[in-house]
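Please consult the sequence and the model shown below.

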Amino acid sequence: MWRCTGPRWSGGGPGPGPEGRFGQRLGWYCAERSEERVSMLPAGKVLAFAAQGERRCLGVRRGARRIVCPYGAVLDGASAKDQCARCAQLDRSRSVAADTMADDPRPYGVYLAYFGPGMLKVGITAVERGPARLVEQGAVAYTWLGRGPLMAARRAEALLGSALGVPDRFGKAAKRAARGALPPVPERAAELAQLHGAARRLPGWPETLQPLEFACADHTELFGLDRIPGVVAELGGMTSGEEIVGEVLTGVGPDVYLRLVGDGDEDEDEEEGGGEVAGAAGAGRGAVSGVVGGVAGRGGAASGTGGASTAGGASTAGGVVAVMDARVLSGWVLGAAAGRVTTVPVRAVGSGTGEREGEEKGRQEGLF
């Protein structure tokens, strides 16, 4: 069976086909075949799936190989974490993020990332990854600050934190709230430029870190930020049998923005042949066409729980707009939805510069 491994940004290869486009995707893993695949999440794609069975730990990745969790651990459906505590501990035993891989010989880049007015952070990532880390965490804009050995990059990161009070992360709620009220691109660039200049003037800059000139890169087009309404609802975690039915508006980092289908909505985007859903047994077609496509294994219908999703104020002409942290899908087997409405809990949340999480502490994850 195929289990979802969560969101990822990939592509950009040659050719006009779907695999040649850089964009947000869902990953899938079949332990029985030791195979991994992806399916794209472009704007306009209709998703219609149900969680089946239990959400399981995805184990540990070592290089290009995924090692199945030996404990068969069951995960909390509301958590964004895709590992049990023991697998996570093993993962961090050899990790740049956990400072347990200080001998990494690769060059690292220090970056400044912009998420909204007054929301700028510092971070590091392996140079070979390019801007992937910035895209994965949903940075609206960014600039490179320096490049050099890992420990020099770490010292520069710490220097900005202590001397200028620049954090190394922001919480999910703060990022989402800021997207609803972003200033024009020139204002974002100006805020980044101001911090870049202040950082470059700091005494104690590591000698082995090569400073880089300011050059702002903005993700407005990549993320489709103009398609995000000022107010959105929020999808909660899944439990077995619950369903999500909606049309993709856009994706930002791990978040997917959906226009949810309600009781009175007609079926949308009924594509010839329908879509394929990873993980369900059998060879039957999904009950709703336009499901997540591009993954081997045809989905049979799963039982839903009934009941329409509702949330005040967060709607477009076609229905409620809600944001889902696609990381909560990781570890689930996703079969075709049996119903035509979303049964996962939907919560109305604040917008603009309103409700924000406190800054999360600790080192950033997924640097490599």
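## An open three-stranded sheet

Three strands, in the order β1-β2-β3, make up an open sheet with antiparallel pairing. Strands are DSSP runs of E with at least two residues, helices are runs of H or I with at least four residues, and both are numbered from the N terminus; two strands pair if DSSP finds at least two bridges between them. On average, neighbouring strands here are turned by 30° against each other, direction ignored; axes are lines fitted to C-alpha atoms, for helices over the stretch in contact, and angles run from 0 to 180 degrees between N-to-C directions.

Strand β2 (residues 23-30) is joined to β3 by 6 bridges, and the two run antiparallel. Within this pairing, R25 stands opposite M40 in β3.

## Basis of the model and overall composition

The model is predicted: local features need pLDDT of at least 70, side-chain atom pairs count only at pLDDT 80 or more, and totals for chains, interfaces and linings use all residues. Residues are numbered from 1 along each chain as its sequence is written, and side-chain values use heavy atoms, with hydrogens and water left out.

The protein chain contains 6 helices and 18 strands. Of its 368 residues, 52% are buried, where buried means under 20% relative accessible area, exposed over 50%, and partly exposed in between (1.4 Å probe, protein chains only). The chain exposes about 15,700 Å², of which carbon and sulfur atoms supply 52%; areas come from the Shrake-Rupley method with a 1.4 Å probe, and for residues only the protein chains shown count as cover. Among contacts (heavy atoms within 4.5 Å) between residues at least 6 apart in sequence, 73% join residues at least 24 apart.

## The β7-β8 hairpin

β7 and β8 form a hairpin with 2 residues between them, and G118 in the turn has a positive phi of about 75°. The two strands run antiparallel and are joined by 8 bridges, with L112 opposite V122 in β8.

All 8 of the 8 residues of β8 are buried, so this strand is largely enclosed by the rest of the structure. Both of its faces are covered: M119, K121, G123 and T125 are buried on one side, and L120, V122, I124 and A126 on the other.

L120 belongs to strand β8 (residues 119-126) and has a relative accessibility of 9%. Not counting residues up to four places away in sequence, L120 touches A113, Y114, V166, P167, F170, E191, L192 and L195. F170 is 50 residues from L120 in sequence, with 8.7 Å between their C-alpha atoms.

Helix α5 (residues 185-200) has 16 residues and reaches 23 Å from its first C-alpha to its last, close to the 22 Å expected at 1.5 Å a residue; the expected span is 1.5 Å times one less than the number of residues. Its buried residues are R188, A189, L192, L195, H196, G197 and A199. Their cover includes β7, β8, β9 (141-148), α3 (150-164), β11 (217-218) and α6 (220-223).

## A buried arginine in a loop

R106 lies in the loop between α1 (85-91) and β7 (108-116). It is buried, with a relative accessible area of 18%.

The R106 side chain makes polar contacts with the side chains of D104 (2.8 Å) and Y108 (3.0 Å). A polar contact is a pair of N or O atoms within 3.5 Å; within protein, one must be able to donate a hydrogen and the other to accept it, and residues adjacent in sequence count only if both atoms are side-chain atoms.
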